[in-house]
Amino acid sequence: MAIAVRQFDAVVVGAGGSGLRAALQLAEANLKVAVLSKVFPTRSHTVAAQGGVSASLGNEEPDNWHWHMYDTVKGSDYLGDQDAIEFMCRKASEVVVELEHYGMPFDRLDNGKIYQRPFGGHTSNYGERAIKRACAAADRTGHAMLHTLYQRNVRARTQFFVEWMALDLVRDAEGRVLGVTALEMETGEVMILKARATLFATGGAGRIYSASTNAFINTGDGLGMAARAGIPLEDMEFWQFHPTGVAGAGVLITEGVRGEGGFLLNKNGERFMERYAPTVKDLASRDVVARAMATEIKEGRGAGKDGEYILLKLDHLGADVIDKRLPGIREIAIKFANCDPVKDPIPVVPTCHYQMGGIPTNMHGQVLGSGDRIVPGFYAAGECACVSVHGANRLGTNSLLDLLVFGKSAGEQVVKDLKGETGAMPELPKDAGDYTLSRLARLDSATSGERVSDVGAEMRRVMQLHCGVFRFPDSLVEGVRKIKEVAERTKSTFIKDKSKVFNTARVEALEHENLIEVALSTMVSAEARKESRGAHDRSDFPNRDDVNWMKHTMWFKDGNRLEYKPVQLKPLTVEMFEPKARVY
């Protein structure tokens, strides 16, 4: 079967914050750009980010990027690469002001400057006290950012392929990436989108867990495609469980609630965070707060009929503050928790929120393959990429900053690389697209087997049970065995509905094939890391082990094997932040 081919200078897969920021850089350089998205761009998951984007603007109190860098390195539990962290923190003010000039409707102070609020792990003078660093648009910062960047891309005449799903990378014999195969979800047509540069901005994969703040579209598509193409996945054992997801629903309640003065209570009405983080209390780093909450619940101090959640109190802020700074949170609490936070506390539990790992890249968005060699023609940015600026635990509001800094940086690198190229674009290999067609043929021809929904439910159950906030040695070993079984079962899934209209069942099956790669890499990497660091907390190795484990995990699909590479402790221009005990 011949596959139609369309040709571009660059193909961007994903239309969230990093994809739109990169695409804008490319379109404004007069490159022919195609942006693929499974949903309309302004429905990408960046729209769900609430609390803010970090930058040391110092609009309300003195601040500087050195303090931001220190907080990020400390927050990462010293697994973040300090050169990339310095790059991000130094660029923060520039990209936020640039976004403001694009028309981003930030909240304002009385003097007209951007409003900033405190956030977990953000401190002044290297940990002395909490500081206001998160630039916010009420509690809808991601929504405002996504719309701003989309409108700017429309102005730049970026070409969008809406409701298209990328399926596999196309590589030639030398390993160069030449684009992707993609499915138009409405018609079922498969096409090769050929490009000199392919940039993944496909977001996270939080749907590997049964309790997640992630949208249903967050299925790790970029990670699955990269793994199948022989590219490693880095630090996949590190998943952030956000302290405050609505109990029973998983919907995110921003850390901005605590930044505005809200606090956590156990069933006894006790502000328990004072025991775990005496200096910054409820604004400690996310992994610290999530573990504290899980400990309170485990030790019988959880609220509710079955003691399964913690209470987030904000009624003392008053209706005026809540309606001005946290209007979306009030709406979420009423709809999903059946409580009005103006009167009653919100029931919350730690919920899977963010992947710190991903496709290995340098700070210019270039993807790194085996041996840290640059993969020609391939770039990644945002949550699907691992630079690594988040290390073992991401600092709140650094996600939106990551999107802006590395989306722009990747775009700049693509422009530089393409302008340096001469000659015709390389020819596609003769078998380009055959692998994708064989995957689709298996799904379409199978008449029996297991339903995708059943296998997917088992994957999420296994991940939640064996690889959650707390991890236990026997449970991890059992988890590896079980997730391998789920991966085998995935090979014999079938779709009952063969309709080609909108391809709903087909897309679900293809998304699951991406998710299982993420789940497998996560469980295998977690079982192998014999220490506790950041979001990875093992009962048998309760302490951080800098002697043996100050290194990044690299998982390869081929052979389900692991390799390791050292953490880059040397920054670009400043002195290294020496690893030390993390206390808040």
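The legends below describe close-up views of a predicted model.

Residue numbers start from 1 along each chain in the order its sequence is written. Because the model is predicted, local features need pLDDT of at least 70 and side-chain atom pairs count only at pLDDT 80 or more, while totals for chains, interfaces and linings use all residues; side-chain values use heavy atoms, with hydrogens and water left out.

**View 1. Tilted aromatic pair of Tyr126 and Phe577.**
Rings of Phe, Tyr and Trp (its six-membered ring) are paired if their centres lie within 6.5 Å; planes under 30 degrees apart are called stacked, over 60 edge-to-face, and the rest tilted. This rule gives 14 aromatic pairs. In the pair shown, the ring centres of Tyr126 and Phe577 are 6.2 Å apart and the planes stand at 50 degrees, so the pair is classed as tilted. Tyr126 belongs to the loop between strand S4 (116-124) and strand S5 (129-135), and Phe577 to the segment after strand S22 (561-566); the two residues are 451 residues apart, and the pair links distant parts of the chain. Helices (H or I, at least four residues) and strands (E, at least two) are DSSP runs numbered from the N terminus. Tyr126 is partly exposed at 37% relative accessible area, whereas Phe577 is buried at 17%. Buried means under 20% relative accessible area, exposed over 50% and partly exposed in between, with a 1.4 Å probe and protein chains only. Ring pairs also join Tyr126 and Phe577 with Trp67 and Tyr70 in a cluster.

**View 2. Tilted aromatic pair of Tyr150 and Phe160.**
The centre-to-centre distance between Tyr150 and Phe160 is 5.3 Å, with 55 degrees between the planes. Tyr150 lies in helix H4 (residues 141-155) and Phe160 in strand S6 (residues 159-162), 10 residues apart. Tyr150 is buried, with a relative accessibility of 17%.

**View 3. Arginine side chains over the rings of Tyr115 and Phe556.**
A charge is taken to sit over a ring if NZ of Lys or CZ of Arg is within 6 Å of the ring centre and within 35 degrees of the ring normal. The charged end of Arg325 is 3.7 Å from the centre of the Tyr115 ring. For Arg561 over the face of Phe556, the distance to the ring centre is 4.2 Å.

**View 4. Open antiparallel sheet in the order S3-S5-S4.**
The sheet has 3 strands, and two strands pair if DSSP finds at least two bridges between them. Strand S3 (53-54) and S4 are the edge strands, each pairing on one side only. Between S3 and S5 there are 2 bridges in the antiparallel sense; Val53 has Cys135 of S5 as its bridge partner.

**View 5. The second largest pocket, with a volume of about 410 Å³.**
On a 1 Å grid over the protein atoms alone, a pocket is an open set of points with protein on both sides within 12 Å along at least five of seven lines, a cavity is a set where a 1.4 Å probe fits but cannot get out, and lining residues have an atom within 4 Å of a point. Grid points are joined across faces, edges and corners, and a volume is the space filled by probe spheres set on the points. Of the 14 residues lining this pocket, Ala487, Thr490, Lys491, Glu517 and Lys557 lie nearest its centre. Helix H12 (434-445), helix H14 (473-490) and helix H15 (504-528) each give at least two lining residues. The lining has 4 nonpolar, 1 polar and 9 charged residues. Ala, Val, Leu, Ile, Met, Phe, Trp, Tyr, Cys and Pro count as nonpolar, Asp, Glu, Lys and Arg as charged, and the others, Gly among them, as polar.

**View 6. The largest cavity, with a volume of about 60 Å³.**
The whole structure holds 2 cavities of 30 Å³ or more. Residues lining the largest cavity include Trp239, Phe241, Asp287, Arg291 and Asn393. Strand S11 (239-246) and helix H8 (286-298) each contribute at least two residues to this lining, which divides into 5 nonpolar, 2 polar and 2 charged residues.

**View 7. The second largest cavity, with a volume of about 40 Å³.**
Its lining consists of Phe87, Lys91, Glu94, Val95, Val405, Lys408, Ser409 and Glu412. Helix H3 (82-102) and helix H11 (398-419) each give two or more of these residues. By class, the lining has 3 nonpolar, 1 polar and 4 charged residues.
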